[in-house]
Number of protein chains: 2
Amino acid sequence: MSHRIVFQPAGKQGEAPDGMSVLDAARALGIGIENICGGRQTCAKCKVRPIAGEFAKYAITSDPVHLTAPDAQEAAYRAAGMLAADERLACSAHIHGDVVVSIPPEAQAQKQVIEKAARERVIDIDPAVRQVYVEVAQVADRQGDWERLQAALTEQWGFGVLALDTKLIPVLGTLLRAENWKVTVAVWQEREVIRVRPGYAEGTVGLAVDLGTTTLVAHLCDLRTGATLATATAMNPQIAYGEDLMSRVSYGMVNANGADTLHRAVIKALNSLASDAAKAAGLRADDILEMVVVGNTIMHHLFLGIDPVELGGAPFALTIRESLDLKARDLGLRLHPGAYVHTLPCLAGHVGADCMAVALAEAPHRADTLMVIVDIGTNAEILYGDKRAVLAASSPTGPAFEGAQISSGQRAAPGAIERVRIDPATLEPRFKVIGRAAWSDEDGAEPLQATGICGSGIIEVVGEMLRAGIISRDGRFVEREHPRIAFDGKRGAYMLATAEQSATGKPITVTQDDVRAIQLAKAALYAGIALLRRHHGGEAPVRVLLAGGFGNVIDPQYVMLLGLIPDCDPANVIAVGNAAGDGARIALLNCEARLEADRIMRAITYIETATDPDFQEEFVNALAIPHAVDSFPHLAHLLPIDQTGPTAPRPRRHA
Amino acid sequence: MSHRIVFQPAGKQGEAPDGMSVLDAARALGIGIENICGGRQTCAKCKVRPIAGEFAKYAITSDPVHLTAPDAQEAAYRAAGMLAADERLACSAHIHGDVVVSIPPEAQAQKQVIEKAARERVIDIDPAVRQVYVEVAQVADRQGDWERLQAALTEQWGFGVLALDTKLIPVLGTLLRAENWKVTVAVWQEREVIRVRPGYAEGTVGLAVDLGTTTLVAHLCDLRTGATLATATAMNPQIAYGEDLMSRVSYGMVNANGADTLHRAVIKALNSLASDAAKAAGLRADDILEMVVVGNTIMHHLFLGIDPVELGGAPFALTIRESLDLKARDLGLRLHPGAYVHTLPCLAGHVGADCMAVALAEAPHRADTLMVIVDIGTNAEILYGDKRAVLAASSPTGPAFEGAQISSGQRAAPGAIERVRIDPATLEPRFKVIGRAAWSDEDGAEPLQATGICGSGIIEVVGEMLRAGIISRDGRFVEREHPRIAFDGKRGAYMLATAEQSATGKPITVTQDDVRAIQLAKAALYAGIALLRRHHGGEAPVRVLLAGGFGNVIDPQYVMLLGLIPDCDPANVIAVGNAAGDGARIALLNCEARLEADRIMRAITYIETATDPDFQEEFVNALAIPHAVDSFPHLAHLLPIDQTGPTAPRPRRHA
C-alpha cells in the first residue's frame, strides 16, 4: 500500500509506501529538507507543516493529515519552544494516508540569504563545508575506526571516498569513543573529513576576508544559515613597511626576507582578526572551518608568501593566477587545524582577486544592461560589459584619488577634509572633516582641526573651484585678486583652511599641481573606461557602479562634473560598497560560486592599457574638465549652492 | 615517405615518417626509452644502439644504419665518456631509412631491480615520484607562472590536472626564472608537483623504513634505478619507555601525553636516521622525496601519533587499518618539504603493516606451493596459504623467543649466549656469545663474559638438553646426580655458564620455569599454525619461511625438534631475513605494489586465535616436545654431536 504525498511550496509530489517517514519520502523524491542528524530526532531541523484543504492539481480529498501522532520527542521539542504547535518533525511523522505538507523556509535544504540592502543580493547557501551526524558501528569485524566512520558516512549520508585530515589521525579513536560512537563530522568539498566532534553538535562557521592595502576586513559567517555573525576590521600592518603597494614591493626587493616579513605581518594580523571576529560571536578562532581570501594582486601574493617583485614591473607576471585551496595551517593561520583557505583567482598583473570578487558580487557577465564597475585605489580596476562580453583593465590613475601626490593630501582618517563647498559669490569655503559632525562654519562638539585633504575632499574641492570660477575647464587658476587665492607667477593656489582651522597651524591649500594631479588621475580613469568601451563595441554604459570605500563617500555629481566616469543618469551611479568583501562572502557561502569565479576569470577579456595606443589618445582627450558647470544638467541644482549644507542626493549605497 | 624501425630486444616494430627522431618513433610505438629531458639532448639517458644485420622476421636488408650522423651534442657526451662509441641518443638520431636499434637495459624505461639473494627478487621500478625536465613558456598572454608550468607539463609530458605543494608557492617564480624558465620537476602520483629545481637536474631518492620494536631500519633508494644507496639502522628510542610493546602501551596509558612522547621520540629518531642514510649516500635529508613506513600495529599507530591504548585490550581495535598517504611535514618529519609518507595497511589488532609488507615481499597469495610464513616477536604473526587462499593469525607466544620471561634471558646483544652444544656423555656445555668469534671452550681474542641467553640460545639449549637427556619430552628435568644439575624438590636447573664465564660473576642457568616458558611459547606458535592449517583445509605446508632477525639466527633443526613449526624438508625452511623491510622497499619503488598491499589486506582471512576453541585444543596438544631425538630423522646427523662445532646446515638466508 502506498500514499500520495505533496510537498509545498514546490508542489512536488509522489507515492510513498505506508509507514515511511516524511523525511525518507522527501529524500526518495529528491526534495531537500534540512537535517543534520540523518533522521534520528536529534537535530529538530526537519520541520514540516501538514496543511489542510485540497491540493487542487492532485485532488487529494481525503483528510489532509494522515500521519502518525506526534511522539514524545516532538512533544519535548514543542515544550522547549523549538517546534511550533502546527509543525512536525519529518523524521518522526510517518505516512499512513495521502498528505500535503509544507516545508517552512528555514527547513528547506536549499537556503538563500537575502541581504537587506539598496539592491537585493541573493546568495544560495551551498558551502564547501558540510556537517553531518553519524552513528558508527561499534563492532565491525576487524575494521579500523576510520574505516567504520567512512562506512557510516557512506551508508548514512551517501559520501564517496573520503580522506582524513592528518591532524585528526591521533585523536579520531578518542573522539569516536567519547559519546559512544556518535559523532558530528565536518566534511570539506565532499572529499575530506576536517573535523570530528563527539555526539551531536551544531555550528559551522567560516571567514570571508578582504585584504585591502590599508584595511583588513573579515566577516564571520554561519555556513549553514549564511548569517554574518560578526565583522572585524584592522589596519593592514604592512602599512608600517609602506603606505602604498609599490613601496611594499620595493621593501620586499630592498630588504633581505622583506617579502617574508610582509607575509608574516599579514598572517599575524589575520590571526588576530580571526580571533576577534570569533570572540565577537562567542566563538573561538579554531571554530573557523574555512576562510576565503580576496585582495589585489600584491596583497594576494604577499598573503601566499610570494615576493611580489615581478608585479612591480613589466610584464607584471603573476606567480599564481587561478584559485587555490590550501590548508590554512600551512600558511601559519591559526583557525581549526583542518581548515582550508580558498583564494579567488586574479585576472592579470594589475587586476586581482578583489576585482574578481567584485565581478562575482556584481555579476556583469549576467547583466542585461551595459555597466561599468570602477574600483578606485592606487590603480583603478575597471570592469565593463554585460552578458554579451565583459572586459577588464587597470588604469594607472596613481594614488591621487587616495589623497597621495596632493600637496596637503592624506588618507581618509580623522582630521581629513572630506567634503567642501565654495560660495561662488564670495569664494569663501566651508568644509567637513572626518571625525567632526559639524561643518567648518558651524559650532561643533569637537574642535576643528583639519589635518589635510582626503580623496573625496580633493574631488569636491576641485569641482567646487570650477563651479566658483577659481579654475577654468583646462584646470588653470583664473588670475584674480582674492585673499584666498595666491599666485606664484601663473601658478595659483587656493587656501581651503586657514592656519587657525588647521591642526598644524599652517593653512591647507590646493595648488595648481594638485589640480593637475587630479586631472591626470581622472584622465587615466576615463581613458581606461573609454578604451574598454571601444573594445566592447562603442555602446555607452547605462549603469556605473563605484566599488570600494571611495565610492561610498564621493558624490557622483562631482565625479561626473570632473569627468571621472562617462555621463549617465545619476540615479544609475551606484556606490556598491565593499563589493570585493561581498564577493568573498559569496564564495565562502557557495562553492559553486568559486567555480563561477574561475569561469569569469577565463571569460573576461583583459585589455592592457599600457601598450594600447588608443589609451594614450583617450588619455590626452580626457585631460580637460569636460563640462562647463552651467551646461552640466545633472549639476544644475547645485547652482545656486545650498548654503546650509549639501542637498545633492547622496549616491545610493548598500549597507 | 616512411621507414620501418625495429626496437630490440622487445622486437617491436612499426613505421616512422622520414626525419622523425628515434625517440619520437619509440613514443609513437609505445616503447619506453628512458629520458628525463623530453628529447632536448640534456639528460643523455635515451641511449640506443643501431645494430647490424638483418632482423630476420621483417627482413630488413638495407644498410642497418639509416640514421642522421651523430651531432655535436652526442660528440660531447662521447668525449665525456657518457655515451659509448656504438651508442646514439634516440633524440639526436633521426630516421632516414629502415633501421634496427637495440635499447640497452639501462635505457629501458621499464626497469627492474634483481636482487642477488638466495632467491631472486624482481622489483619493477614504477615509483610514485616521477621527475621530468620542462621548458616553460616565458611569455604567455597574462597567464601566471604556475599556469605556464602546468601547460608545459601537460604539453611536454602529458600530465593531467596537477596541484602545487603549498610550500612551493612562495619560491616558484624564483625557481622558474633561475635558469631561464627551464626546470626539473618532481611529480607525486601524477597528482602534485612536490619539487621544482632550476635547470636540468637528476636524482630522486626515497626512504623505506621498517619500524621495529627494537630496531629502526631505513633503506635509502634511488627511485629511478631502484638501487639501495645506503642503509641506516638505529635503536628504537622508545626502548627507554619500555622494552616490549605492551609496556609502551602502558606508558601511554599511565603518563599524560605518554603516547605523544613515544610518537615524538620515534619521529626524532627517524629524522636522524633519514639524515644519516642521506649523508652516507652523499645527499641530504631534504633530498628525500618519499618515505614508506611499515611496522607492527603499535609502532604503526605510535608513528602516526595515535595512542595505542585500544590495541592493549579486546577488541584490539585499530584506529587506522588501511594505507595512508600523508605529507611528511605534518608528522614533523624533516625530509623534502613536499615529501609524502606512505604507510602500508595493517590487517588486524595484532597483525600490522610489517606483516602486510612481508606478504607483499613473499607473495603467498601468488604461490603455487602451500607455505607458512612466521614472523616471531612478542607475538608471532603467521601467514598461511597459497594462491587459493591466504590466512593470517597472531599467536600469543609471549616474548620468550626474544629472551624475555627467561630467568637469564636477554635481548640479542653482545654478551648474549646465542648457540649451545651439550656433550650427551659428559653433559658439559659449550656455547658462543654474540660479539666473541670463538666458542666458550676455545681461546678467543675477546674475553668470555656471558651476560645472559638470547632467543636463539634458549631454543638451542632446550633442544640440546633434550638431546642429552637432561629433560624429557614432557619438559621435566630428569632426576640425576650431576655437578651441572641442581634440584629444588622436583624442579631442576642446568648450569650453562659458570660464575667464571659470566660477566656478573654468577652462573647462568636454565630452570624448569625457563623450559616451561619455551614450551608455552612454542605451543602457542604451533597451535596458531595448526589452526590456520585447519581453516585452510588441512593440507600440510611445503615451505616454511622464517621472517625477521630470529629466523636468520636460529637453526631450523632445533625449531623442528622442539616443534615450533610443522615437520617438513629442512631444505624448505628458509630464513627470509627482514622481509618486512623488503616489502617496504618494494612499496617505495613500485606504486602498483601499494595497491596490491591494500588488495592483499582485504583478501587475507584473519583468524582470531583468542576466541577460537580449536586454538586451545591445538595449544594443549602442542605443549609436549613432539619428537624423541632418535626418532627425528632430520636431526639424526646431530647424533653423535660434532664436538668441533656445529655441522648442521645453516638455514638458507637472503642477504
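Me: In this predicted model, what is the handedness of the crossing where H10(A) passes H15(A)?

Reply: H10(A) passes H15(A) in a right-handed crossing. The contact draws on A:Ala523, A:Ala524, A:Ala527, A:Ala530, A:Leu531 and A:Arg534 of H10(A). From H15(A) come A:Asp614, A:Phe615, A:Glu618 and A:Phe619.

Me: What makes up the contact of H10(A) with H15(A), by residue class?

Reply: Seven residues are nonpolar, none is polar and three are charged. Ala, Leu and Phe count as nonpolar, Asp, Glu and Arg as charged.

Me: How do you know that the two copies are related as by a two-fold rotation axis?

Reply: A rotation of 180 degrees superposes chain A on chain B, with 0.0 Å of shift along the axis and an RMSD of 0.2 Å. The copies are therefore related as by a two-fold rotation axis. In chain A, the C-alpha nearest that axis belongs to A:Asp330, at 4.6 Å.

Me: What shows that the same surface serves both copies?

Reply: 100% of the contact residues of chain A recur in chain B. The contact joins 29 residues of chain A to 29 residues of chain B.

Me: Which element gives the most to the side of chain A that touches chain B?

Reply: H3(A), with three residues. That side divides into 14 nonpolar, seven polar and eight charged residues.

Methods. Residues numbered from 1 in each chain as written. Chains lettered and ligands numbered in written order. Predicted model: local features only at pLDDT ≥ 70, side-chain atom pairs only at ≥ 80, totals over all residues. Left-handed = near helix turned anticlockwise from the far one by under 90°. Helix = DSSP H or I, 4+ residues; strand = E, 2+ residues; numbered from the N terminus. Contact = placed C-beta atoms within 7 Å. Least-squares fit on C-alpha atoms with pLDDT ≥ 70 in both.
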